[in-house]
Amino acid sequence: MSAEATTDERAGILLVDDMEDNLIALEAVLGSLNEPLVRARSGEEAMKALLRQRFALVLLDVRMPGMDGFETATNIKRLDQTKDVPIIFLTGAEDEPGYAFRGYATGAADYLTKPFDPWVLRAKVSVFLDLYRKNRQLEHLLSREHVHGKELSTRLAALEDQLSDDTPPNLTDLRARVHEIRRLIG
């Protein structure tokens, strides 16, 4: 069973850049991944989008008017709902050398300079999409195990109640309950 088949949602990618040409370029490079690409033209728009839906990854421009990429990343990492969303910073090659350090210091998972190699960007994004799918699959498995554990606990409690009665237990019923518990465990 593939990871995609076990999750109930596709892994969205949030593209945050104030320049239309950059958003178009990102969509052209990432469109072949067949995942939803959501645009945000500012840090404020990005935060609203992140609070509305789950994303596998944020591609975030550093230099934007208003809330810049560093401030946006700080806000993303500050919220429980969004703190685990990986961020790849994208910035111009002419930007300050200290930007990379600042990006990693705010919680970025990676940092690329523009113009970026489309193959490298697609490969990096693919890794984060795979991680997202595996995490979702793990969440589903853990949820199912939790439900299984609760059911097992309930059945064991019922069996203990039956055995603690003063009346002798019905052996056929007792065997059936033990068989059910074994089925749940195995």
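How do the residues of the lining of the largest pocket divide into nonpolar, polar and charged?

## Largest pocket

The lining holds eight nonpolar, four polar and five charged residues. Nonpolar covers Ala, Val, Leu, Ile, Met, Phe, Trp, Tyr, Cys and Pro; charged covers Asp, Glu, Lys and Arg; the others, Gly among them, are polar. The model is predicted: local features need pLDDT of at least 70, side-chain atom pairs count only at pLDDT 80 or more, and totals for chains, interfaces and linings use all residues. Residues are numbered from 1 along each chain as its sequence is written, and side-chain values use heavy atoms, without hydrogens and water.

The largest pocket is lined by 17 residues. R54, F55, D84, V85 and Y132 lie nearest its centre. The largest share of the lining, six residues, comes from α6.

## Overall build

The protein has seven helices and five strands (DSSP runs: helices H or I, at least four residues; strands E, at least two; numbered from the N terminus). Along the sequence, the pattern is α-β-α-β-α-β-α-β-α-β-α-α. The C-alpha atoms fill a box of roughly 85 × 30 × 25 Å along the principal axes.

## Helix α3

Helix α3 spans residues 43-52. G43, A46, M47, A49 and L50 are buried there (under 20% relative accessible area with a 1.4 Å probe, protein chains only; exposed is over 50%, partly exposed in between). Seen down the axis of α3, these buried residues fall within an arc of 165°, so they line one face of the helix. The arc is that of the directions from the helix axis to the C-beta atoms. On the other side, K48 and R52 are exposed.

Technical notes:
1 Å grid on protein atoms, 1.4 Å probe; cavity = no way out; pocket = protein on both sides within 12 Å on 5 of 7 lines; lining within 4 Å.
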